[in-house]
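Q: I'd like a close look at just one part of this fold, please. Here's what I'm working from.

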Amino acid sequence: MRREPRSLTARQEAVMAVIRAWLTEYGHGPTVREIGARVGLSSTSSVAHRLGRLETRGLISRTGRAWSTCVPREEQPARRPHGGRRRSPGGTCR
């Protein structure tokens with residue numbers, strides 16, 4: 001028997017909307033405090049918890065360590081070939 005994926009909570013929907021809008025407007029992800037201010041959460045821990053849940057569900061991912069690098073999963077930036085390493089003109093890795 002196959003389980004239907006759980007829908008997002010209202011707060012999770014709001015966080016996802018903030019991330020998408022912020023990326024569109026500024027070209028990078030919002031900080032935890034900026035997300036909290038937009039969705040009405042004053043606790044950065046609460047915002048980070050919600051972001052962690054979204055990441056666990058595979059709805060967002062981070063391109064770096066900070067939450068401000070998160071992007072919705074369907075909008076991930078393209079990765080560079082060869083594991084992200086730049087190659088020198090001679091073909092060897094620097």
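How are α1 and α2 oriented to each other: roughly parallel, roughly perpendicular or oblique? And please walk me through what packs around them.

A: Bear in mind that this is a predicted model. The axes of α1 and α2 come within 10 Å and cross at roughly 120 degrees, so the two helices are oblique to each other. As for handedness, the crossing is right-handed. On the α1 side, the contact is made by R11, A14, V15, V18, I19, W22, E25 and Y26, and α2 answers with E34, I35, R38 and V39.

Skipping its neighbours within four places in sequence, I35 is in contact with V15, V18, I19, P30, V47 and L51.

Some of those names come back in the largest nonpolar core. That core has 16 residues, and V15, I19, I35, L51 and I60 touch the most other members. Elements giving two or more residues to this core are α1, α2, α3 and β2 (70–72), with α1 giving the most, at 5 residues.

Now for α3, which runs over residues 44–56. Its 13 residues reach 18 Å from first C-alpha to last, close to the 18 Å expected. S46, V47, L51, G52 and L54 are its buried residues, and what covers them includes α1 (10–26), α2 (32–39) and β1 (60–62). After α3 comes G58, with a positive phi near 80 degrees.

Conventions
Residues are numbered from 1 along each chain as its sequence is written. This is a predicted model: local features need pLDDT of at least 70, side-chain atom pairs count only at pLDDT 80 or more; totals for chains, interfaces and linings use all residues. Side-chain values use heavy atoms; hydrogens and water are left out. Helices (H or I, at least four residues) and strands (E, at least two) are DSSP runs, numbered from the N terminus. The expected span of a helix is 1.5 Å times one less than its number of residues. Buried means under 20% relative accessible area, exposed over 50%, partly exposed in between (1.4 Å probe, protein chains only). Contact means heavy atoms within 4.5 Å. A nonpolar core is a set of buried Ala, Val, Leu, Ile, Met, Phe, Trp, Tyr and Cys residues joined through side-chain atoms within 4.5 Å. Axes are lines fitted to C-alpha atoms, for helices over the stretch in contact, and angles run from 0 to 180 degrees between N-to-C directions. Angles under 35 degrees count as roughly parallel, over 145 as roughly antiparallel, 65 to 115 as roughly perpendicular and the rest as oblique. A crossing is left-handed if the near helix is turned anticlockwise from the far one by less than a right angle, and right-handed if clockwise.
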